[in-house]
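Student: I have not seen this structure before. Could we go through it by question and answer?

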Amino acid sequence: MSIEFAKWVPWLPAAAAVFCGLCCTNRRMRTLAAPVCIVSLVSGFLITLGVKGQIGGELSDAGTRLQVFEWIRIGGLNADFAYYLDTLTVLMLLVVTGVGSLVAIYAAGYMAGDRGYARFFAAVSLFIFAMTTLVMADNLVLLYLGWEGVGLCSYLLIGYYYQKPSAVAAAKKAFIVNRIGDLGFALGIMLIYHQFGTVHFSTFTADGVVYPGLFEHCSRLTLAQVETPVLVIPFLLMLGAFGKSAQLPLYVWLPDAMEGPTPVSALIHAATMVTAGVYMIARLLPVFELSPYALPTVAVVGGATALFAATIALRQHDIKRVFAYSTVSQLGYMFLGVGVLSTVGGVFHLFTHAFFKALLFLTAGSVMHGLAGQLDMRKMSGLRTKMPVTCWLMFVGCLALAGFPFTAGFFSKDMILAAAMDRGLTGQGTMYTVLGIAGLFTALLTAYYTFRVWFRVFMGPTEYEMGEEHAAVEDTPTDGNEADPSADTSIDDGNIKVEHHHDAHEMGWLMNGPLVVLAVGALLAGWLGHADSSGHSWLLSVIEGSSANPTRMVEAAAGHAEAHTMLLGMELHTAMMVISSCLSVLGILVAAYLHWFNRPAADRLAEQWSGSARVLENKYFVDEAMDAVIVKPLRMMGYLCFVFDRLVIEGLVLAVGWVPRIGGLAVRRTQRGALQGYGIGMAVGVAVVAVLIAMVR
Amino acid sequence: MNLASETRWEDLWGDLWMVMPEVWLVVAMCAVVLAPFIKRRSVALPLGVASAGLMLAVMAALSSFASADAMGTVFTGSLVIDPFSQFFKVLLTLFTLMILGLWILHSRSQTDPADAPDFLCLLLGAAVGMSLMVSATNLLVIFIATETASMPSYALAGFRKRRREGSEGSLKYVLFGSVSSAIMLYGMSLVYGAAGTLSIYGIAAQAAAGISPLMAIGLAAMLAGFAFKLSAVPMHFWCPDVFQGAPIEVTTFLSVASKGAAMCMLLRALAAFAAAAPANGYLFVGIGVAVGILGAVTATWGNLVALHQTNIKRLLAYSSISHAGYMLMAASVAVIAGRSWEGGQHQTGAIQVVVGAVLFYIVVYAFMNLGAFTAATLLAMHTGTEDIRGYAGLSRRSPWLAALMTACLLSLFGMPGLGGFWGKVFLMKSMALAGGAGFALIAVLLFNTLISLYYYLKPVYYMYFVPDEDERPAFLPAGGGLAMLVICVSVLLATGLLPNRIESLARGYATLYPNPVITAPPPLETTVSLLESAPAHD
């Protein structure tokens, strides 16, 4: 398949979004929304597969530019609607459209009977349009468009249950926190334009004029030529990445974002959108490499976030929140990987994480669906008999997240940690060793909290409490079009049957089918990145063929490195694999003891450590601290501004408003029939113009 | 050269082929008047004839792009056919077609069928005048074209004979029109006396040697005539009264077509002057400054007065005054830019940028104004009032109409994503060519944009935030009206999202006929023939 077809990947979901949007207006068409959305996503995935087949062929290493149309050309700013295709783009597209398709299929079952069925799929389609635009963009302006687009869809979908105040608050929080990061990103783009005079990645020729791209500009610069403003750029971009990918200190929005429907949490807040920050740094690695402190900063923030979020996850009781913090933690790993120049590791982890985290969220969604909205793991136990398929699917996901040997998460996490240790042990900074050890410790915590969920929910005696929230949401009367009481019945008339189970139940295969695919991926995807004896892997070739290949710094570091770093008498990679395997198993065993065999022991432990347990349960009181340090003072300032506005600005505005009103009165007086007055006015005007023409030279 | 001796019948015949758009309009005009003899009291027949004539005119104008032979001067240099004029004619005729649609929508039911041919004849007549205006390069033709456009407009403005407001507006229109025509004619006679030629190229060449006081007064008086058609301050007094009193489709027609034609005529004259100026000349700064100040005052005045209007037609009338001001400000740069671009390579590039920007603006302005007026028409038919307070709660009663009207109003303000934004951006871009003075113009434009937001949002405020106290039922406007609105908003979105495409298109059409080479300025003699005209182009 010609790679030209790749142009259609974003536009099919865009068309689907418009169609689904129209479906919202018509009750009968509502059920069409899901099939249309699914078809558009699956076709996008198939096209991507076709494009993947062209790697090495039509799709060369240098990256290909696909122009869709001329967009913005003002002065030197050249931001066309053009796509940049290289291996990294293709990998990201595979993740976005692949996971997107699976989640959409799952959601067709999960969202059935919901009032906003069409609205949901319209937003999901729009999201895929924005996300594919983001990863395919050939310039930063277009990338920013996609970036804001996914932010918008995230906002819309977090606040999907807009009757719930908590959902609205969470949506607002996500939006505002992301604005802080995006401000940095926007400033970074402006600074890039200011410094390099270009915002597009690839070099291209139009009308015989060569427009050198950003990457070429970067490769031409030697480190000695780099000036201070250029050194600042990566830090501004980083701020955007940390906001979107929920890293310290801007991670606070992600756990709250779980207010959205679970498929959204899986797609947007685990598999795709939140990895946009990692993608952006990988894509712009040539820019980040220009500043010697940029990538180490990324590594430190990533490592710290990984550990920090993992500790919070230890004591959360809401299943989705545990997974949310684990997402923050795993994203930290990815940043750590990119930061220690193992872009391969970072992107590899992004790839595997998409599988197992989507799987975990969707199975959590199944549990929630089966128990009518119940998410508190203290109120459920022993569900394996009620939901056997879900139970074992989640088990697979947990294994991968815990980094159990030879699952997907195992290989990718190992690659990142080995890279960090390698840099540490070859004398490039003790910091890296510390980060590596912190990463290992995080891996232990991860194994523990992951299996804590699984053992609590599925093992032990079978007892549970049904939730009420979901049902309550469905019954709440809403306003607007959706308030129509006949809306539900009309859907009942259609293809989708709304079944209200009053007991825990297993999902149908419409929902479990996609999960099986994800589970297979969670088990096997790791082998794609596993290096064979010659040290090559598919994933390595993906990164080496893209802009994310760290060349400059690796060359700089090559001087330090010895041929083979050894640890514990083994080659480093092997040693890390052994260590992390042991830690993973250890974590699982501890979880099994505390949360399956001897649950009272866990409670006793929590009592003994009640102080720290409380701190963790309250997420280190970060929200409260932010409220006191940032929100309250801002509110105070806002109030002051309000008072100022009322007293001073409004007075001024009213005064300004009076000027034309008085002028108008004056005009009106002349306009009341006094035609002679108009004549005089015209004559005076002509005279003034004549004087101007004659006198001004 | 002398018309009588040198013009051959073959040339005239060939020239006729080049003005086919006008010919078709005139033919349609005559046919429309004759229609009642075929079928009495029929509206469909004259309407069909008029639409057919307009479509033929569109095709004739389009076909002139097909070959280079179709461009050039006709009738011994008194008219110019170039991409610029033909582009505007296409726009004008298409726009007139849409006006016909608006007329069917709004007035057909209220018009006596016997009056329909009269209305259509007047509309076509005005269109003929306007399309001649963009081609005119000779003072006499300029005057005749302007009057051809004006006379039917006077009658159109008062077409509802029984409406007092309409008659009052029409009378005012006639009075102001005759005064400004008199001023313009007087100015033309002075200019002719000073330059000894009627061709604007000849006048420009004469003026390049120095502007005499006689010439200055004459040019100023001529500018007054242009300003009247543009409703620029201080020749704008007629505008709100006429716009309020006239039927809404006439208001729309006048607010866009009449102003667009006058703008194009002015651009052609300014471009002729700019091209005639010596490379390092400082000659026409006075004209540029005069036009620029005229534009700045017009824009500011229009916006300030619009702030407190509550009648939607009056509000849009003042808004159209300010838009004419914006275009005037940019047009002034066509002359000033020559000064700031030092070195020989001055104007041609600058003129094309300016003309392209104004042309783009006219296109966008035509559709956003048409959209706003169409929405206002639908609303007036629904609520029975033109007061914007009657729009309360519209977003509930008719969400589509409210959304489409909001889009048009926001585009008029210049909201990014809609065509109006890029129109203003390109105007500012061309203003920047003029250096310091240009930045002053940009500041004025930005200030005006800011204050205009207030009154453009006023209807939006009523539609979305004020609940409807009367609790009127939901209403679905007529399909035709909605279709027209959707077309307008689609154009606005297209120009808003793909500005470069359309702007480069407009700039491509901004190719003006070059000034003919004038070997020696004609001597100033009292014996020159009144018919002496521009040297024919060969």
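Student: How many salt bridges does the rule find across the interface of chain A and chain B?

Tutor: The model is predicted. A salt bridge needs a side-chain nitrogen of Lys or Arg within 4 Å of a carboxyl oxygen of Asp or Glu. Across the interface of chain A and chain B, the number that the rule finds is zero.

Student: Which element gives the largest share of the side of chain A that touches chain B?

Tutor: The elements of chain A that give two or more residues to this side are β1 (64-74), α28 (622-671) and α29 (675-695). Eleven residues come from one of them, and that largest share belongs to α29(A).

Student: How do the residues on that side of chain A divide into nonpolar, polar and charged?

Tutor: On this side, 24 residues of chain A are in contact with 38 residues of chain B. Those of chain A divide into four charged, four polar and 16 nonpolar.

Student: What area is buried between chain A and chain B?

Tutor: The size of an interface is often given as the accessible area lost when the parts come together. Carbon and sulfur atoms give 73% of the area buried between chain A and chain B, and the total is about 3000 Å².

Student: How far apart are the end C-alpha atoms of helix α2 of chain A, and what span should its residues give?

Tutor: Helix α2 (residues 33-52) of chain A has 20 residues. The expected span takes 1.5 Å times one less than the number of residues, so α2(A) should span 28 Å. That agrees with its end C-alpha atoms, which are apart by 29 Å.

Student: What covers the buried residues of α2(A)?

Tutor: The buried residues of α2(A) include A:Ala33, A:Cys37, A:Leu41, A:Ile47 and A:Val51. Among the elements of chain A that cover the buried residues are α1 (8-23), β2 (77-85), α3 (87-110) and α4 (117-136).

Student: Is B:Ser170 buried or exposed?

Tutor: B:Ser170 lies in helix α8 (residues 164-195) of chain B. Leaving aside neighbours within four places in sequence, B:Ser170 is in contact with B:Tyr154, B:Ala157 and B:Gly158. Its relative accessible area is 13%, and the cut-off is under 20%, so B:Ser170 counts as buried.

Student: What share of the residues in chain B is buried?

Tutor: The secondary structure of chain B comes to 21 helices and two strands. Of the contacts in chain B with a separation of 6 or more, 82% join residues 24 or more positions apart. Chain B has 538 residues, and the buried share is 63%.

Note on methods: Residues numbered from 1 in each chain as written. Chains lettered and ligands numbered in written order. Predicted model: local features only at pLDDT ≥ 70, side-chain atom pairs only at ≥ 80, totals over all residues. Heavy atoms only, no water. Contact = heavy atoms within 4.5 Å. Buried area = accessible area lost by both parts, 1.4 Å probe. Helix = DSSP H or I, 4+ residues; strand = E, 2+ residues; numbered from the N terminus. Nonpolar A, V, L, I, M, F, W, Y, C, P; charged D, E, K, R; others polar. Buried < 20%, exposed > 50% of the residue type's maximum accessible area, 1.4 Å probe, protein only.
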